[in-house]
Structure formats: structure tokens, C-alpha cells
Amino acid sequence: MNLAVDTQWILSGLLLALLPLLNNGMRLSPAPWLTLIPSDMLSVFIVCCLRLCAMAAIAGLVLGMAGLHRTEQSRERIGHGAHIVLLLDRSSSMDNSFAGRAPNGAEESKAAAARRLLTDFVKQRQNDLIGVAEYSTSPLFVMPLTENKNAVQAAIAATATPALGFTHVSKGLGMALSFFQQQPVTGSRIVLLVSDGAAAIDHDSELKLRHWFKQQQVRLYWVFLRTANSPGIFDKPEDSRDDNAQAMPELYLHQFFLGLGSPYQAYEAESPDALKQAIADINRLENLPMHYVERIPKQDLSATCYSMASLLLLVLLGLKFCEVKR
Amino acid sequence: MSHTLKDYRTWCLLIAFIAMLMLFMYPSKQQKMPIYNYTFIIDITRSMNATDYQQDNQAVSRLQFVKKTLRELLRNLPCESKVGLGLFTERRSTLLFEPLEVCSAYTEIDTAIDKIDWRMAWAADSNIAKGLLSTLNMLKKSDSSVIFITDGQEAPPVNPSYQADFSTVNGQAKGMIIGVGGLQAVPIPKFDSVGKPIGFYTQDDVPHSSSFGQSNLDPSQIKGYNARNAPFGSVAVIGNEHLTALHETYLEKLSSESGLAYSRLTDLESLSLALKNPKLATLKVVQTDMRWLPAFLALLMLSLVYLPRIYK
């Protein structure tokens with residue numbers, strides 16, 4: 001049940017609940033000799049009940065005043081949709097425009113375009129659980145998978161602050177995949193990677209990522225925000241000497257994703273419109289029934305205490321009028 | 001009937017019952033209540049891993065203690081208050097999310113605080129004055145109060161002639177610096193690439209004085225001075241920068257320069273008290289629970305009925 005109170009010292013008022021044991025709360029009727037009165041089990045029983053009522057009423061009032069509540073609970077819900085982790089690149093180059101320049105009034109930065117479109121996307125996906133992770137040199141846990149769209153919007157809006165460092169995509173992916181670890185497999189699971197660059201992934205991380213992708217059954221969508229004149233993910237190297245992960249990280253990352261064995265879709269966006277297309281595709285494809293557990297912070301029980309106390313008071317008051325005087 | 005009405009107990013019960021009716025009719029009243037809008041910026045540099053707090057008789061790191069205290073604080077904040085979260089390392093901070101209403105987004109904020117880890121740091125320096133200045137500039141337009149939580153350990157040490165200039169933000173910024181850590185210097189734990197502790201930083205691991213920019217000392221007083229090759233002298237400086245303690249005077253100086261308040265983190269009570277600073281609060285008309293008043297009256301009346309008989 002996990003019951004708790006707001007103000008603990010008020011609980012000392014529970015001592016008052018002992019008062020009905022000392023006094024039956026009824027008028028005394030004079031009787032010449034108590035022994036003359038026959039013992040009556042029914043009366044004893046009723047008096048006992050009345051005392052219990054009074055004790056419960058006092059206890060109810062005290063608990064209500066102390067602010068009795070049930071602490072955090074969880075319950076299961078069912079919806080249609082997906083578990084989506086937005087994995088956002090916070091590397092410094094995201095603050096440049098698609099043309100690779102510092103944004104002026106006419107064109108927006110890649111980060112701003114991503115922010116605007118993702119904000120719309122989140123608005124459309126009402127039933128999804130959405131989480132946010134970011135990465136630059138190191139991964140940042142931002143927002144757990146949640147139904148609360150305001151929270152996701154606040155996280156997306158916060159990417160308006162200046163970007164951070166370099167692109168360390170493997171750690172970012174690891175962080176994004178960790179979101180699914182304690183979640184039951186239900187609905188579709190998506191990592192939506194929005195980045196403007198790639199980095200070579202070392203062998204160890206490659207093995208781990210392969211394993212995790214398979215284990216967590218995650219689909220990957222990669223929206224690559226391509227800067228003009230930079231290598232793309234579908235480019236073939238012109239010179240065989242450039243055919244390595246250091247020179248063409250985008251191509252190699254793409255090939256790594258293709259070989260993951262889990263569903264993967266890449267989008268190369270050279271303008272905000274292409275990014276829109278990617279988001280529209282996810283919108284169309286990803287709607288499976290799913291279960292999820294929701295946590296409820298706390299439940300106030302003081303109202304219940306008060307109503308119980310009032311009911312008992314009414315009983316006591318009613319019975320007061322049944323007292324007889326001879 | 002008349003004898004029932006003559007009994008004071010009947011009247012007590014009646015008053016108690018009427019009080020309960022009032023309780024359900026007017027459960028709350030409109031009242032001006034302070035609500036808060038905080039953006040917590042948490043220092044996640046290495047020195048925050050130093051274990052100089054106690055929790056359940058176990059030494060815990062400063063960062064862990066900060067997280068635990070903030071999560072408890074979150075539970076006690078009045079609804080409609082907002083909390084945002086950011087991290088500080090290097091010489092700037094980043095915002096994880098903009099302030100969110102605490103009651104509706106309780107779980108999200110709570111989890112995000114819980115997941116904060118020193119390994120989220122994108123760079124390893126810890127230049128607190130510059131970080132504070134850039135944070136205040138970054139959040140200048142926001143109406144949230146910046147709560148900058150740090151131990152004040154500058155690493156590497158700052159050259160006094162290149163100090164952050166707070167004159168542009170002083171007076172505009174609203175917020176507080178929270179000092180974390182003990183006053184006794186303790187070693188800073190070191191971790192390997194998979195996060196296992198591998199001892200502590202030693203004297204040889206860290207620079208003990210600033211060798212950045214121009215030296216402000218008189219060259220004749222610097223041992224081994226060479227204008228080009230050794231402007232700070234050639235003698236190895238030995239200090240205690242590998243140990244960490246709360247630099248309280250330094251943080252107090254920063255707070256007075258930037259126009260923020262200062263408070264030290266010792267426990268939840270003192271933190272919530274410090275954060276309830278009226279400067280950081282905005283008054284908002286909210287429904288306040290008034291049910292205790294009629295309930296108290298009812299309790300009093302009911303107790304009167306069952307008060308032990310002293311005289312017969």
C-alpha cells in the first residue's frame with residue numbers, strides 16, 4: 001500500500017483516539033444499585049461498537065489532517081504506437097546551416113530545422129512513448145520514454161542552447177538503446193538518429209551495438225542532415241585510398257547499420273523538406289499496439305479519511321438521539 | 001428528546017458534524033502562494049565524485065548526494081512550480097530540458113536527475129567562473145532562476161588576470177549558487193574507461209597553478225623566469241589541487257560578483273529553506289487546502305465528548 005503522511009507530528013493526535021476507551025461518551029443515569037441491573041450482552045456489544053466508531057472517527061480526522069496519501073504507484077496501460085528514442089546530435093556543426101555557414105536571417109541552422117520539425121512530429125504522435133537522448137563527445141540522458149509530450153517538447157526546445165563538442169555516435173547509440181532495457185517488448189521500438197555527421201565506430205563498440213540492436217529489437221531511422229559539399233552516406237569513394245572508415249565515416253556507418261540485421265532506413269536530408277519526408281514515413285509506418293507501465297506520483301487519501309470520519313460522526317450523532325432517559 | 005438536547009455531548013457532535021459539512025463545502029480557499037521556477041545546473045566534473053557526504057552511514061559522492069537531495073526536494077515543491085535541468089563541465093553548461101511543471105512531469109524530472117552521471121561530461125576541465133558566466137548569459141532571457149550547484153574547484157587553476165567579468169549580468173540574473181562538499185580536503189577518485197574505480201588522483205596528475213596567458217608576477221621574483229620559455233618560472237609548482245574541498249570563499253565571491261545568493265548544501269531541510277528565498281519566488285493565486293481547520297474543530301468537539309470524567 002505504501003502509505004505515508006505529509007506532516008508527521010500531527011500523527012501524535014492519534015493518542016486522542018484512546019479517549020473513547022476511558023469514557024463511553026454517554027450521559028450517566030443514576031441507578032440505585034448497579035448489581036441490580038442485569039448483564040446484557042447486546043448493550044455491551046453496542047457500547048463497544050460506539051466506542052470503536054468514535055475511535056475510528058478521531059483517527060480519521062487526525063490522519064486526514066496529517067495528509068495521508070499513497071506513495072508512488074504504477075499501473076499498466078495499452079495504446080497504439082511506438083517507443084521512440086530521439087537521438088539528437090549536439091555537435092557544434094549542428095549550429096551551422098545546411099550550406100555549412102553560420103546561419104543568417106534567411107536560412108536556419110540544421111539544429112533549428114531539426115528542432116522545428118521534431119516539435120511537429122512529437123505533436124502528431126499522441127500515443128507514443130518518446131524519450132530523448134543527445135550526444136556529442138559523450139552521451140547525455142535527457143528524457144526517459146514518456147507519454148508526457150510537454151516534457152519531450154521541453155527537451156527538444158532546450159537544444160536551442162549552443163551545441164557542445166564532437167560527434168561520438170557509438171556512445172550515443174548505446175545510450176539510446178539503454179532506454180529500452182527495462183521496458184517490455186511491446187509496440188515498435190525505434191531509434192531516430194538525427195545527425196549531421198558520423199564517426200568511425202571502434203571494433204568493441206561495433207560488437208556491442210550489434211548485440212544490443214538484436215537483443216532489444218530496435219528499428220533504426222537515420223536522418224543524416226547533409227551539409228553541402230560534404231560526403232554523403234550513399235557516396236562511393238572516388239579514390240580507393242579513401243575507402244576507409246576514417247576518410248568516409250558516413251558511408252561506413254551506413255554500411256554498419258545495414259549489416260545490423262534489424263530494420264534500418266536512412267534518409268539523407270540536404271534541406272528541411274527532406275527531413276520532413278523521413279518524419280512522415282515514420283508517422284505512416286510505426287503504429288503497433290503496445291503495453292506500458294505508468295507511474296503515478298502520489299494519491300491523496302485525506303479526502304477518504306474525512307468522509308469516513310463524517311459518516312461515523314453522523315452515526316454517533318444519530319445514536320445520540322436514541323439514548324433514553326428513564 | 002429534551003434531555004438529549006440538554007446534553008452538551010449532543011451539541012458537540014452536532015457542531016463536529018456541521019464542521020465536517022463545511023469541510024466538504026469549502027475545502028480550499030484562494031491564497032497567494034509562492035511558486036518557484038528553478039533551472040538546476042549541476043556540476044559533473046571529476047571533483048564531484050569525491051566522497052565526502054554521508055548517507056545511511058555510507059560515504060557517497062557529492063554528485064550522488066546532490067541527486068538524492070534534488071529528487072527529495074522535487075517531491076516537496078508546490079505544484080505549478082517548474083524545474084529545468086542542465087549540466088556544467090568544462091567552461092559552459094548545457095540545458096537538458098527547459099523548466100517543466102513538477103507535478104505533471106514528476107516522473108520525467110525525477111528519472112532525468114537520477115540518470116545524471118559524471119560520464120556525461122563532454123570535456124574534462126572545470127572552469128567554474130567562466131561556466132557560471134556563460135550559463136547566466138545563456139539563460140538571461142529565461143524567467144527561471146539559475147541554481148548553480150558546484151564545489152568551486154577550478155581545474156586547472158585560474159590565472160587571476162583572466163577572471164570572468166560578471167558586470168554584464170550582475171543585477172539581471174536571478175538565482176543561487178549552492179556549494180557542495182566538505183571543508184576538509186579529500187582525494188578525487190579516478191576511474192578507468194569502463195567506470196571501475198582505480199584509486200585517486202595524485203599530486204603528479206594535475207597542474208597546481210595556472211600557466212595560461214601572461215604571468216602577473218614581477219619577473220624578478222619568479223625563479224627560473226624566461227620571457228619566452230618559462231614565463232611562470234621553471235620550478236615545478238606543488239600544491240593540493242589533486243585534493244578537493246568546498247571552496248566556499250571563492251563561491252561567495254562569485255555569488256556577490258554575479259548578484260546571486262549563496263548557500264551550502266548540507267541536508268534537504270537547509271537546501272529547501274535556502275531555495276525558498278522570496279527573491280526566487282513568484283506569488284501566484286492558488287487553491288490552498290483549508291480542510292484542516294474544520295477537521296481540527298471537529299476533532300476538538302469529538303474529544304470533548306469522550307474526555308475522561310474527572311468529577312462525578
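The legends below describe close-up views of a predicted model. Local features need pLDDT of at least 70 and side-chain atom pairs count only at pLDDT 80 or more, while totals for chains, interfaces and linings use all residues. Residues are numbered from 1 along each chain as its sequence is written, and chains are lettered from A and ligands numbered from 1 in the order in which they are written.

**View 1. The contact between chain A and chain B.** On the chain A side 49 residues are in contact with 44 residues of chain B (in contact: C-beta atoms, placed from the backbone, within 7 Å). Two or more residues each come from α1 (19-22), α2 (41-66), β5 (139-146), α4 (149-157) and α9 (302-320) of chain A. Helices (H or I, at least four residues) and strands (E, at least two) are DSSP runs, numbered from the N terminus. The largest share of this side, nine residues, belongs to α9(A). By class, the chain A side has 30 nonpolar, 14 polar and five charged residues. Ala, Val, Leu, Ile, Met, Phe, Trp, Tyr, Cys and Pro count as nonpolar, Asp, Glu, Lys and Arg as charged, and the others, Gly among them, as polar.

**View 2. An open sheet in chain A.** Three strands are arranged in the order β1-β2-β10 (chain A), with antiparallel pairing (strands pair if DSSP finds at least two bridges between them). β1 (3-5) and β10 (299-300) of chain A are the edge strands, each with a single partner strand, so one side of each has no neighbour in the sheet. Three bridges join β1(A) to β2 (residues 68-70) of chain A. A4(A) has H69(A) of β2(A) as its bridge partner.

**View 3. Helices α3 and α8 of chain A.** The axes of α3 (residues 110-124) and α8 (residues 272-285) of chain A come within 10 Å and cross at roughly 20°. Axes are lines fitted to C-alpha atoms, for helices over the stretch in contact, and angles run from 0 to 180 degrees between N-to-C directions. α3(A) and α8(A) are therefore roughly parallel (angles under 35 degrees count as roughly parallel, over 145 as roughly antiparallel, 65 to 115 as roughly perpendicular and the rest as oblique). A113(A), A114(A), L117(A), F121(A) and Q124(A) of α3(A) meet P272(A), L275(A), K276(A), I279(A) and N283(A) of α8(A). This contact has seven nonpolar, two polar and one charged residues.

**View 4. Helices α3 and α4 of chain B.** α3 (residues 62-76) and α4 (residues 106-114) of chain B pack at an angle of about 170°, with axes 9 Å apart. α3(B) and α4(B) are therefore roughly antiparallel. K67(B), L70(B), R71(B) and L74(B) of α3(B) meet Y106(B), I109(B), D110(B), I113(B) and D114(B) of α4(B). Their contact has five nonpolar, no polar and four charged residues.

**View 5. A hairpin in chain B.** Strands β9 (residues 189-191) and β10 (residues 197-200) of chain B run antiparallel and are joined by two bridges. F191(B) is the bridge partner of P197(B) in β10(B). Five residues lie between the strands of this hairpin, and G195(B) in the turn has a positive phi of about 90°.

**View 6. R210(A) in its helix.** R210(A) belongs to α6 (residues 203-216) of chain A. It counts as partly exposed, with 15 C-beta neighbours inside 10 Å (buried: 20 or more other C-beta atoms within 10 Å; exposed: 12 or fewer; partly exposed: in between; C-beta atoms placed from the backbone). G259(A), 49 residues apart from R210(A) in sequence, is 8.6 Å from R210(A), C-alpha to C-alpha.

Methods. Contact = placed C-beta atoms within 7 Å.
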